[in-house]
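Open the model in your viewer and keep the selection tool at hand. The stops below go from a strand pair to the sheet around it, then to the cores and a loop.

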Amino acid sequence: MQPGDAHLHRHHHDRASVERFALRYRTWNRWGEGDELGAANRVTPERIAAAARAVRRGAVFSLALPLDRLGPMRGGGPRVNPQHVMLRTPHDPIPGRDDDGLQRAADDAVYMPLQCSTQWDAFCHIFYDGVTYGGAPADSITTLDGAARNSITNLGERALGRGVLLDLARHRGAQTLLPGEAIQAEDLAACAEKQGVEVGAGDFLLVRTGHLESRRTTGDWADFAGGPAPGLGVGAAEFLCERGVTAVASDTWGLEAIPFETPDLMSPLHVILLVNAGIYIGEMWDLEALAADCADDGVYEFFLIAQPLMVTGATGTPLNPLAIK
């Protein structure tokens, strides 16, 4: 792919067209009045059991970035890389112990924004026109207690099931898609067909662009966090919503193609998926080892376990997703 091809898959959208998508795919109260699970209702015991039966080799792939000061948060703003500090090392005596120093201990702590690395977005991460999923108002989040509705903890027992990888970079014969390149519904469908895999209800869809690896291999994250990036276009909502996926995750900072296809609206796909369709979004997932294995054996489905940290009222969570084949 040549640099001049970067925008071939970009479509023109504006706030009005995004709102039409949002209303078309809105699932508020589909699973009962006041429902906060959204598409996670599609994660049923039957689907979990079927996904677990797909494990053949016991090969496990962690899809998480390391949580340390060398992470991708290089810009300004409230999101910084994790700050890990030691509270006590084996050089420090344990207070109140009188055993001539025979026993020592180590304790540590970490400060980290919950969305500074491999993560899930909760529905309440985004509000549009004053509300988030199910019509929950802005005052459902407070400074002291966080989110009273739609917290990521709702996903605690539902963040597992059938995972599917769509490797768009390999599909297009590229090391990485180019910044600004948008992946539309037809691109996802063509990639799935070429890989010989179907995407269906309750699935956790992972989309590889190669962008994370391209930045990591340079040794400089640069503007990975918030800068121009390949990603899903607004049209991808048609593929995701009509197939009824539970979640979609990618190897980019913000899932969506940046610059956005909507000059008058930031993060249009977040508005469609999180606020309206109730589909969870994962960002900064490290898909390289998994993608290489899938390319090698031709199997693009697996059992995915991606539990959130149970932080009460959290609008997102770091996690260590595991793909098992």
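Select Val207 and then Ser250 in S13, its bridge partner. Strand S11 (residues 204–208) and strand S13 (residues 247–250) pair in the parallel sense over 4 bridges; strands pair if DSSP finds at least two bridges between them. Strands (E, at least two residues) and helices (H or I, at least four) are DSSP runs, numbered from the N terminus.

This is a predicted model, in which local features need pLDDT of at least 70 and side-chain atom pairs pLDDT 80 or more, while totals for chains, interfaces and linings use all residues. Residues are numbered from 1 along each chain as its sequence is written, and side-chain values use heavy atoms, without hydrogens and water.

Next, show the open sheet of 9 strands, in the order S1-S17-S15-S9-S11-S13-S14-S4-S16, with mixed pairing.

Now select Trp120, Leu166, Leu232, Leu273 and Trp285, which have the most contacts inside the largest nonpolar core, a set of 72 residues. Such a core joins buried Ala, Val, Leu, Ile, Met, Phe, Trp, Tyr and Cys residues through side-chain atoms within 4.5 Å. Helix H7 (residues 268–277) gives the most to this core, with 7 residues. A second, separate core of 8 residues includes Leu65, Cys116, Leu212 and Trp221.

Last, go to Thr218, in the loop between helix H5 (211–216) and strand S12 (231–232). Is Thr218 buried or exposed? Thr218 is exposed, with a relative accessible area of 53%; exposed means over 50%, buried under 20%, and partly exposed in between (1.4 Å probe, protein chains only). Its side chain reaches the backbone oxygen of Arg215 at 2.7 Å.

Key
A polar contact is a pair of N or O atoms within 3.5 Å; within protein, one must be able to donate a hydrogen and the other to accept it, and residues adjacent in sequence count only if both atoms are side-chain atoms.
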